[in-house]
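Here is a friendly walk through one structure, written for someone meeting it for the first time. Have a look at it, then read on.

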Amino acid sequence: MIPFSYYVILAITLIFIGIFGMVFRRNLIVMCACIEIVINALIVLFAAISYFHRDTTGYIVVFFLIAMAAAEAAVGLTLIVLLYKKQRAIHSEEVSELKG
Amino acid sequence: MEKLVFYYLAFAMIASGIGAVVSRNPVHTVLFVLGLVLHQALLLFTLGSEFLAAVQVIVYAGAVLVLFLFVVYLINLKKETLKRRFIKNFSPCFLIFLLFTLIVVKTLLFLPALTSHFKARLPFPKGGSPLYFMAKNLFQTYLFQFELIGVVLLVVVLGAVFLLRRLDNPSEEGK
Amino acid sequence: MGAEIKIIIAAIPILPLLASVITLILGRRFFKEASFVLPVLGILISFFFSLFVLSQVLHGKTFEFDLFAWIVSDSLKVGFGFLIDSLSIMMVCMVLSLSLLIHIYSIGYMEGDPGFYRFFAYISLFTFSMLALVMSNNLLQLYLGWEAVGLCSYLLIGFWYEKKSAADAAKKAFIVNRIGDFGFALGIFLLFSAVGGLYYHQVFDNLPLIQGKTISFLGIKWSLPFLISFLLFMGAMGKSAQVPLHVWLPDAMEGPTPVSALIHAATMVTAGVFMVARLHPLYLISPGALELVALTGTFTCFMAATIAPTQFDIKRVIAYSTLSQLGYMFMACGVGAFAAGMFHLFTHAYFKALLFLAAGSVIHAFHHAPDPNDIRIMGGLRKYMPYTFFTFLIGALALSGFPGFSGFFSKEGILISAYLSPYPWGKLVWLVGVFVAFLTSFYSFRLVFVVFFGEFRGGSIFHGEKPHESPLVMVIPLMLISVGAIFAGYLDIPGFLKSTLAHEPVHPHHGEHFFQNLLALIAGLSGILVAWWVYIKNPELKELFPRKFPGIYRFLYNKWWFDEVYHEVIVKPVLFLSRRLVVGFSDLFVIEGIVNGSARVVGGIAGAFRRVHTGIVNHYAVFTLIGIIIYLLVFFYLK
Amino acid sequence: MFKAHLLSWILWFPLLGIILVWFVPRDKVRLIKWITFLALLFDLVLSCVLLKDFNFAESGFQFVEKANWIELINAKYFLGVDGISVLFVPLSVLVSVLCVLISWDSIKYRVKEFYLCLLFTNIAMVGVFCALDLFLFYVFWEAMLIPLYLIIGIWGGPRRIYATLKFFLYTFFGSIFMFVAILYLFIKTGTFDYLELSRHSFPIEVEKLLFLGFAFAFAVKIPMWPVHTWLPDAHTEAPTAGSVILAGILIKIGAYGLLRFCLPLFPHASLYFSKLILILSVIAIIYGGLACLAQEDLKRLIAYSSVSHMGFVTLGIFSFNPVAIKGAILQMINHGIVTGALFMCVGIIYDRTKTRQISYYGGLASTMPFYAALFMIFTLASIGLPGTNGFVGEFMILLGTFLKCKAIVFFAALGVIIGAAYMLWLYQRVFFQNVSENVKNLPGLKFNEIAAVLPMVFFVFLIGLYPKVVLAFMDTSVKALLLYLK
């Protein structure tokens with residue numbers, strides 16, 4: 001029997017890794033991938049909650065999460081491609097038009 | 001046995017996560033994430049939802065990560081792999097991240113209180129598998145949200161197509 | 001009172017107005033050289049109407065009615081109306097007769113000027129305004145006419161607006177008049193607040209209400225009638241060019257000469273006197289105001305008479321003489337002899353217009369000289385311009401108060417009234433009046449002798465040719481006016497005005513005050529004699545005064561330094577105030593400093609914060625993280 | 001149906017114009033202009049019907065329309081006019097019509113957007129004068145800023161960005177205080193209804209604060225000294241139509257607001273602050289006049305003269321005398337006509353020479369005599385010559401104020417002298433003296449320009465000689481207004 005807290009620790013670790021990547025990597029594709037990692041961590045968490053709570057709502061959230069992740073990935077990657085085509089740049093430091 | 005499986009899966013996920021974050025080549029990153037996703041599918045299987053495990057494999061591994069791979073190959077970044085992995089002046093970022101770490105650790109100390117609700121493993125209601133209840137919920141209680149997700153996906157598809165189409169038509173640029 | 005007479009009375013001012021407006025609109029395109037027809041016609045008809053009304057008034061009738069309500073609001077009710085009594089009909093006839101003759105004269109004088117139509121439109125508009133002023137039955141319409149004649153004066157002084165001096169003079173006239181009108185308006189307000197109405201009859205009926213009252217204004221306690229009279233008199237000072245607001249009149253000579261004759265000698269400038277006479281019951285209850293009027297008149301009279309002999313511009317000399325004569329009129333009003341003042345106003349209008357027009361005839365002959373007004377280039381014109389000479393001479397004699405001419409009667413009337421007046425300042429007025437009578441005849445005959453006698457000095461300008469007499473269209477009005485200048489004095493104007501002014505005019509009975517009469521007469525005659533002595537007999541004498549008293553001479557020649565003092569004391573500080581203090585310091589530095597300063601502070605803060613927006617996505621992620629951290633901290637520690 | 005909703009018709013009719021113009025292709029410039037012109041002209045006809053049907057004897061609101069709008073906050077669609085506001089409705093529409101005429105040829109780019117802005121401005125202007133619900137009023141009040149912001153910012157002069165920013169921020173800054181005050185009123189009373197609010201009374205301290213909140217917003221708009229500095233910049237950089245709307249209507253709204261809201265809603269505070277406002281008004285009169293004397297720029301000069309003239313308006317309003325208040329309302333209308341016309345005149349000449357520097361001109365009276373005559377008429381009206389409308393307003397204000405406070409009038413009347421000085425000096429420098437080389441061959445007035453200015457000439461003399469046509473509207477309403485202050 002695995003306690004619930006193990007799942008939480010696993011999820012937090014994954015989130016931690018994902019955020020680390022978000023903050024420190026400069027490749028936009030990798031940053032997108034890191035978002036996926038964070039989302040996966042959430043999937044784990046929700047699935048565990050549902051499993052332990054005997055309630056399918058968590059699973060449904062997971063289901064939605066996967067769909068949203070797919071959507072997010074599609075848009076994000078489109079933007080990256082667009083950006084690359086326009087500016088030939090894929091690294092966050094090279095793309096700073098929004099600098100105030 | 002149960003624990004062993006869990007330890008293996010957890011270890012594999014964390015390892016491939018770390019690998020994804022630190023690998024220099026985006027292709028490797030994507031492959032590491034693929035590994036993470038597959039292991040996670042197994043984890044979902046152990047968490048009692050075969051359906052989600054399947055969806056995870058099909059959508060994540062089959063669609064999203066393939067998309068990533070496409071993009072990585074589309075944007076030929078061979079030489080980019082030689083560049084620095086991490087952003088330049090990250091010392092303040094690092095400090096903040098450290099703070100975050102501290103907070104997370106602090107959070108973990110609260111865990112016992114948090115997880116006390118989930119001690120008892122309640123049985124699923126009678127009359128069907130978890131999948132049955134899930135489907136029932138999904139198509140009854142959450143039907144609207146379900147449809148909404150469909151719309152969102154449609155919008156995403158249209159948006160992606162629209163965004164990339166405009167680029168091909170240079171006459172409209174700069175407006 | 002029948003409807004017909006109302007229409008006739010109303011038509012008197014309206015016809016010139018119509019003529020003016022039509023000429024102004026259509027003159028440039030359609031009438032061109034024939035622009036004079038309508039105004040002359042309009043004024044001619046008005047003149048006949050006014051004669052008709054005069055005949056009615058001579059039968060002892062007075063008319064008062066409102067044409068329409070102008071401003072009606074709560075307690076304030078003012079209409080466009082007419083009050084026809086002996087005072088106003090005298091003014092109306094005087095204005096119209098002179099205006100008519102001057103219109104005709106101008107046909108010749110302004111011939112060929114590109115602004116021909118404009119001139120007639122303006123001068124006709126002026127006639128309307130003046131009529132509106134004198135025929136008014138309330139103070140506000142008086143004020144309307146008051147400002148409207150000022151406007152016409154502005155337009156006509158600046159008639160040759162390409163000349164900077166003309167434009168400057170026009171502006172100066174208007175603004176100086178505005179200063180007077182400022183007081184006038186305050187006077188109207190005060191009067192309204194005191195008696196609750198602006199119609200003359202309301203004012204006169206309620207005079208007992210204000211008699212002896214005091215009021216505190218600007219922190220000083222004033223006698224109410226005095227303050228009202230004083231403020232109203234400020235307007236008169238501006239319009240009638242009394243010290244200290246007289247500075248515009250000499251400059252106003254930049255306008256065409258007929259304008260000087262009509263507006264700046266005969267009619268407009270006498271509006272102040274008319275106003276004082278019209279409101280004489282008000283002035284009579286305030287001896288202080290009367291004293292002020294008398295002393296202002298006396299001082300102006302004296303000052304102008306001392307300046308006139310030093311000037312070389314023919315029109316300016318006459319302009320200063322106008323100032324001086326206006327002073328006489330105010331002197332008369334100031335000693336309570338309103339009828340005498342009005343009588344002098346009446347005769348003065350004719351002989352001064354005559355002088356101006358005759359001078360205009362001379363100027364017309366000299367019009368291609370660089371400065372056609374300079375008497376030093378004239379001389380001996382008697383031979384070349386005989387009609388002009390005779391008419392000018394008549395004017396000068398009348399002005400000097402030569403026995404038998406109109407000026408004699410009216411001036412004697414003033415001096416005797418002053419001498420006999422019950423007011424303590426009467427004697428001083430009389431003394432100065434006599435002395436100024438001497439100066440008056442001196443400077444007027446100085447002009448006569450310098451311009452018409454001696455040798456012709458303008459040969460270089462005329463290239464050996466001689467100046468010509470002016471055309472008939474100018475000479476005939478001159479002659480007609482000279483008839484007026486001689487015989488106006490024989491009319492019993494004071495007696496005629498008795499019904500309105502309600503003040504027993506002092507008739508100089510022969511023998512009774514023989515000594516005083518004789519003294520004034522001698523003063524006048526000796527002036528002529530001295531002028532003859534200095535300018536004909538011993539021409540070298542005229543350099544004597546400037547050489548002996550250069551300081552005084554320069555003081556007089558520069559018109560007592562009024563312009564310069566005003567420039568230093570008023571114009572410059574105001575401009576300094578506006579440029580440096582208001583705009584430079586207060587507006588651009590203080591207020592804009594505060595406004596833009598606060599904007600800059602906000603901008604600075606924003607500038608500090610804007611560095612946060614690096615444009616690098618990772619940093620944004622860090623900020624999200626900070627947010628999460630703060631949230632968690634709050635969640636865990638501040639619960 | 002039509003009569004009962006006349007105000008709504010007037011208010012929303014330009015919307016039809018907006019829709020039509022919207023669908024016209026942007027290169028069909030003539031069509032756009034004609035649609036705008038006709039729409040506004042018809043609106044003008046409607047507002048004349050409003051004047052015709054107005055009942056002089058009634059002191060309350062007429063043509064009232066009331067409907068629920070946002071039930072959540074009890075905001076209503078509540079329109080109505082009384083004697084104070086009824087005149088401003090046709091004035092606004094008239095100004096808009098003339099703006100179309102005067103910009104007929106002078107707007108060269110983005111024509112469609114310009115006329116859309118103009119139509120939109122008209123809606124907002126009329127709305128401000130009709131709204132009797134504070135929320136609705138505030139909506140229109142702020143909505144007015146948008147089209148003007150665009151008009152100045154897009155079609156303005158070289159420093160237009162600075163000017164628009166300043167204009168917008170200044171007025172917006174002011175409005176915020178009013179908004180807070182409105183919210184407070186709502187929270188305390190639960191309604192935005194003007195009529196209900198005017199029956200409420202507040203503790204004097206609260207009333208003072210509320211008054212300040214409202215008055216500050218209005219003061220910025222008027223603009224009173226010392227918050228006037230946006231006006232010269234905005235006027236100077238705005239295109240002709242923008243200046244005319246600013247001078248003609250926008251800055252009237254401030255004074256109108258004082259009359260409509262500050263006096264009846266906060267009578268005690270109004271009395272308490274009246275001395276202060278009177279003094280500020282006098283400062284504005286003299287200060288504006290002196291500032292005019294130093295200007296080298298035609299439009300700037302006229303803008304500063306607006307400060308001076310609006311000083312008279314506030315003076316009249318806060319003397320609480322019926323004559324003065326009527327004079328103030330009249331002066332608002334006069335100022336709209338005269339200053340609007342002066343800006344049009346400056347616009348006419350600016351279109352030809354592209355400069356506003358006074359020193360550039362000279363001797364225009366010789367080259368453009370008709371134009372000079374028109375300008376002269378407006379100059380005279382501006383300095384308040386009897387017989388023109390400017391006189392009646394100024395005279396009534398000063399007379400009425402004199403009954404309350406004599407010293408104030410003494411100084412205000414000094415402003416009249418300065419007024420004559422700067423206007424005549426301006427006229428001399430531009431029209432008199434030697435003909436400047438720059439203006440030798442200027443073309444005469446075009447038909448649309450004459451058509452835009454001549455109605456103003458008509459009103460100058462109509463109001464000047466027979467002010468009853470205007471004063472008759474206000475009598476009962478002003479009387480009713482003064483009852484609040486008893």
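## Starting from one residue

Leaving aside residues up to four places away in sequence, D:Ile329 touches D:Ile84 and D:Met474; a contact here is a pair of C-beta atoms, placed from the backbone, within 7 Å. You'll find D:Ile329 in helix α14 of chain D. Helices (H or I, at least four residues) and strands (E, at least two) are DSSP runs, numbered from the N terminus. This is a predicted model, so local features need pLDDT of at least 70 and side-chain atom pairs count only at pLDDT 80 or more, while totals for chains, interfaces and linings use all residues. Residues are numbered from 1 along each chain as its sequence is written, and chains are lettered from A and ligands numbered from 1 in the order in which they are written.

Is D:Ile329 buried or exposed? D:Ile329 counts as buried, because it has 31 C-beta neighbours inside 10 Å. The cut-offs go like this: 20 or more other C-beta atoms within 10 Å of a residue's own make it buried, 12 or fewer make it exposed, and anything in between is partly exposed. D:Ile329 also sits 9.1 Å from D:Ser85, C-alpha to C-alpha, although the two are 244 residues apart in sequence.

## A loop glycine for contrast

Now hop over to chain C. C:Gly212 belongs to the loop between α8 (207-210) and β3 (214-217) of that chain. With 11 other C-beta atoms within 10 Å, C:Gly212 is exposed.

## The nonpolar cores

A nonpolar core is a set of buried Ala, Val, Leu, Ile, Met, Phe, Trp, Tyr and Cys residues joined through C-beta atoms within 7 Å. The largest one here has 441 residues, and C:Ala353, C:Leu354, C:Val362 and D:Cys345 have the most contacts inside it. Helix α16 of chain C (residues 338-365) gives the most to this core, with 20 residues. Apart from it lies another core, of 76 residues, including A:Met22, A:Ile29, A:Leu77 and B:Leu47.

What does C:Leu354 touch, if residues up to four places away in sequence are not counted? The partners of C:Leu354 are C:Thr391, C:Ile394, C:Gly395, C:Leu478, C:Ile481, C:Ser482 and C:Ala485.

## Which chains meet

Four pairs of chains touch, and the pair with the most contacts is A and B. That contact takes 69 residues from chain B and 61 residues from chain A. On the side of chain B that touches chain A, α3(B) gives the most, with twelve residues. By class, that side of chain B has 53 nonpolar, ten polar and six charged residues. For these classes, Ala, Val, Leu, Ile, Met, Phe, Trp, Tyr, Cys and Pro count as nonpolar, Asp, Glu, Lys and Arg as charged, and the others, Gly among them, as polar.

Chains C and D meet too, with 43 residues of chain D in contact with 42 residues of chain C. The largest share of the chain D side, 13 residues, comes from α18(D). That side of chain D has 33 nonpolar, seven polar and three charged residues. Chain D does not touch chain A, and their nearest C-alpha atoms are 19 Å apart. Chain D does not touch chain B either, with nearest C-alpha atoms 16 Å apart.

## A closer look at chain A

Chain A has three helices and zero strands. The radius of gyration of chain A is 17 Å, well over the 13 Å that the globule rule gives for 100 residues, so chain A is more spread out than a compact globule. That radius is taken over C-alpha atoms, and the rule is 2.2 Å times the number of residues to the power 0.38. Along the principal axes, the C-alpha atoms of chain A fill a box of roughly 50 × 25 × 25 Å. Of its 100 residues, 60% count as buried.

## One helix in chain D

Helix α7 of chain D (residues 160-189) has 30 residues and reaches 42 Å from its first C-alpha to its last, close to the 44 Å expected at 1.5 Å a residue. The expected span is 1.5 Å times one less than the number of residues. Just after α7(D), D:Gly190 takes a positive phi of about 75 degrees.

Terms used
Contact = placed C-beta atoms within 7 Å.
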